[in-house]
Amino acid sequence: MDIKDKETKIINFIEEFGCAKIKHLETLFEIDKTTLKNILRNNFINRKDDVIVIRNRRIDKKIIAAFDVLCEYKGRYKTFYKNIEPVFISFLTKKDEMYDIIVSEKNDEEGIIKLLKNTPNWKADKLIILFEDTNMFDKIECNKPYLYCIYPDIKII
């Protein structure tokens, strides 16, 4: 893939997801500093500290947390895509297992707990659930295997 194609792919990625940390782009696309500078020259892309943001969008801490998790699976997945909230990212592993990354803020926790309990037929094989603290850990009832994490500093519980 030539450099312009790679830059276009990364710009499209940022447009689709809205924001990503520079370290996410480095992990997911193996970009170098020159490519990053070229992308930042695009009038639609802004840099806020270590986060790249499209246009006037705000930094979405939930998508950032989902990318933190996805980057931990680098090398183990075939493909990933944006999904509908509360599932922010879904990815397919090289073992053909589908994972959904679910991210909740404090005010959404009870709704996520109900969703997990009342959705018997998740399309995903496994779930990665991110809450802001451990308060909901004992309240989860789900028929799918799941990994409970807290964010913004990702920790597996």
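In this predicted model, the count of aromatic pairs comes to 13, with rings taken to pair if their centres lie within 6.5 Å. A pair of aromatic rings is described by the distance of the centres and the angle of the planes.

**Aromatic rings**

- The ring centres of F13 and F67 lie 5.3 Å apart with the planes at 45 degrees, so this pair is classed as tilted.
- The F13 and F67 pair links distant parts of the chain, since F13 belongs to helix α1 (residues 3-17) and F67 to helix α4 (residues 61-72), 54 residues apart; both F13 and F67 are buried.
- For F137 and Y148 the centres are 5.2 Å apart and the planes stand at 85 degrees, which is over the 60 degrees required, so the pair counts as edge-to-face.
- F137 lies in the loop between β7 (126-131) and β8 (146-150), while Y148 is in strand β8, 11 residues apart, and this pair too links distant parts of the chain.
- F137, at 32% relative accessibility, counts as partly exposed, whereas Y148, with a relative accessible area of 1%, is buried.
- Ring pairs join F13, F17, F29, F67, Y73, Y77, F80, F91 and Y99 into a cluster.
- The charged end of R76 sits over the ring of Y73, at 4.5 Å from the centre of that ring.

**Helix α2**

- Helix α2 (residues 22-29) has I22, H24, L25, L28 and F29 as its buried residues.
- Viewed down the axis of α2, these buried residues fall within an arc of 155 degrees, and therefore they line one face of the helix.
- Just after α2, E30 adopts a positive phi of about 50 degrees.

**Pockets**

- The largest pocket holds about 340 Å³ of space, and of the 17 residues that line this pocket, K9, F13, L28, F29 and F80 lie nearest its centre.
- At least two residues of the lining of the largest pocket come from each of α1, α2 and β4 (77-82), and by class this lining has eight nonpolar, three polar and six charged residues.
- The second largest pocket holds about 160 Å³ of space; it is lined by 14 residues, of which N83, V87, D100, W122 and K123 are the closest to its centre.
- β5 (87-93) and β6 (98-103) are the elements that give two or more residues to the lining of the second largest pocket, and by class that lining has seven nonpolar, four polar and three charged residues.

Key:
Residues are numbered from 1 along each chain as its sequence is written. This is a predicted model: local features need pLDDT of at least 70, side-chain atom pairs count only at pLDDT 80 or more; totals for chains, interfaces and linings use all residues. Side-chain values use heavy atoms; hydrogens and water are left out. Rings of Phe, Tyr and Trp (its six-membered ring) pair if their centres lie within 6.5 Å; planes under 30 degrees apart count as stacked, over 60 as edge-to-face and the rest as tilted. Helices (H or I, at least four residues) and strands (E, at least two) are DSSP runs, numbered from the N terminus. Buried means under 20% relative accessible area, exposed over 50%, partly exposed in between (1.4 Å probe, protein chains only). A charge sits over a ring if NZ of Lys or CZ of Arg is within 6 Å of the ring centre and within 35 degrees of the ring normal. The arc is that of the directions from the helix axis to the C-beta atoms. On a 1 Å grid over the protein atoms alone, a cavity is a set of points where a 1.4 Å probe fits but cannot get out, and a pocket is an open set with protein on both sides within 12 Å along at least five of seven lines; lining residues have an atom within 4 Å of a point. Grid points are joined across faces, edges and corners, and a volume is the space filled by probe spheres set on the points. Ala, Val, Leu, Ile, Met, Phe, Trp, Tyr, Cys and Pro count as nonpolar, Asp, Glu, Lys and Arg as charged, and the others, Gly among them, as polar.
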